[in-house]
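Visitor: Please show me the protein. Then take me through the terms used for it.

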Amino acid sequence: MSSETEALFDGGFNRSSKDNSVMEKERRVEVIQLCLDFPPLSDGESRRECKPTKVLPITKQMVWASYKKVKSNKGGAGIDGESLIKFSSNLSNNLYHLWNELSSGSYFPSPVLRKGIKKGNGKIRNLGIPTVRDRIAQQVIKDYIEGRFERKFDKNSYGYRPDKSAHQALKSVTEGVRKYDWLIDLDIRNFFDELCHDLLNRALVIDIEEDWILTYLNRFLNTPIGDVNGLLLERREKGTPQGGVISPLLANLY
């Protein structure tokens with residue numbers, strides 16, 4: 001990405017007076033945000049004038065790149081019933097509004113859709129499926145912070161890691177059994193559902209200094225769970241949605 005098209009920033013963010021109640025602790029900083037267009041608009045869509053403003057260090061390119069990743073991973077609709085196809089039918093407006101909320105500190109995720117799937121033993125595993133826009137938002141934050149955690153993760157950890165695969169894990173195990181005559185197989189029951197938010201937050205603050213990132217992560221974690229009818233079933237005080245984009249990274253850190 002060239003310097004001419006990259007937004008310049010130095011941590012923190014600016015907010016309007018009406019945002020103070022939800023973003024009280026974040027720092028303020030002036031950011032130069034250049035005009036960066038989304039893909040060409042379809043007929044009937046209006047083009048907005050882009051002006052320098054004070055924002056969080058989230059650029060339109062970041063949102064666009066995150067959308068492409070979410071699209072490639074496919075996945076179903078969340079609690080709002082909006083599929084990827086429907087979201088993409090008004091792509092420019094949808095991405096613009098999402099970027100505007102994320103970069104201003106006013107973004108709040110929708111409830112997570114609970115969907116049960118049958119396991120091999122006949123039991124039900126509950127997945128938490130965020131909306132398409134929330135999956136894109138999570139991808140933005142994940143891409144922003146993942147490199148910090150990757151540097152501290154063990155080289156022999158292969159689950160949910162970039163550029164690592166199950167084939168590499170099998171190769172590592174194969175090499176290991178040539179040296180040792182024992183193998184340990186462990187599984188943490190309901191790990192994603194039981195993950196303790198307090199302990200996770202203690203781990204997060206070690207590597208994340210930006211208050212706005214911590215705020216968004218806590219909004220993701222504390223988003224309530226709902227059903228297909230939009231009925232809120234419970235507020236989450238622990239766990240992270242197993243269908244969430246950022247959940248694997250948080251689980252690995254934990």
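Guide: Among contacts between residues at least 6 apart in sequence, 70% join residues at least 24 apart. Contact means heavy atoms within 4.5 Å. This is a predicted model, in which local features need pLDDT of at least 70 and side-chain atom pairs count only at pLDDT 80 or more, while totals for chains, interfaces and linings use all residues. Residues are numbered from 1 along each chain as its sequence is written, and side-chain values use heavy atoms, with hydrogens and water left out.

Visitor: What makes up the secondary structure of the protein?

Guide: Nine helices and four strands. Both are DSSP runs, numbered from the N terminus: helices are H or I with at least four residues, strands E with at least two. Along the sequence the pattern reads α-α-α-β-β-α-α-α-α-α-β-β-α.

Visitor: Why is Ile-184 called exposed?

Guide: Buried means under 20% relative accessible area, exposed over 50%, and partly exposed in between (1.4 Å probe, protein chains only). Ile-184 has 57% relative accessibility, so it counts as exposed. Its place is in the loop between helix H5 (166-177) and helix H6 (191-194). Of the 254 residues of the protein, 40% count as buried.

Visitor: What makes the nonpolar surface patch that includes Ile-184?

Guide: Tyr-180, Trp-182, Ile-184 and Leu-186 make this patch of about 540 Å². Patch residues have over 30% relative accessible area and no salt bridge; nonpolar side chains (Val, Leu, Ile, Met, Phe, Trp, Tyr) are joined within 5 Å, like charges within 9 Å. Ile-184, at 57%, passes the area cut-off.

Visitor: What is the largest nonpolar core, and which residues have the most contacts inside it?

Guide: A nonpolar core is a set of buried Ala, Val, Leu, Ile, Met, Phe, Trp, Tyr and Cys residues joined through side-chain atoms within 4.5 Å. The largest one here has 38 residues. Those with the most contacts inside it are Val-63, Leu-102, Ile-136, Ile-141, Ile-145, Leu-204 and Leu-217. Elements giving two or more residues to this core include helix H1 (60-73), helix H4 (132-150) and helix H8 (211-222). Leaving aside neighbours within four places in sequence, Ile-141 is in contact with Trp-212, Ile-213, Tyr-216, Leu-217, Phe-220 and Ile-246. In soluble globular proteins, nonpolar side chains tend to be buried together.

Visitor: What makes S2 an edge strand?

Guide: The open sheet of four strands has the order S2-S1-S3-S4, with mixed pairing. The edge strands, S2 (124-129) and S4, each pair on one side only. Two strands pair if DSSP finds at least two bridges between them. Strand S1 (residues 112-118) and S2 pair in the antiparallel sense over six bridges. The bridge partner of Ile-117 in S2 is Arg-125.

Note on methods: Accessible areas come from the Shrake-Rupley method with a 1.4 Å probe; for residues, only the protein chains shown count as cover. A salt bridge is a side-chain nitrogen of Lys or Arg within 4 Å of a carboxyl oxygen of Asp or Glu.
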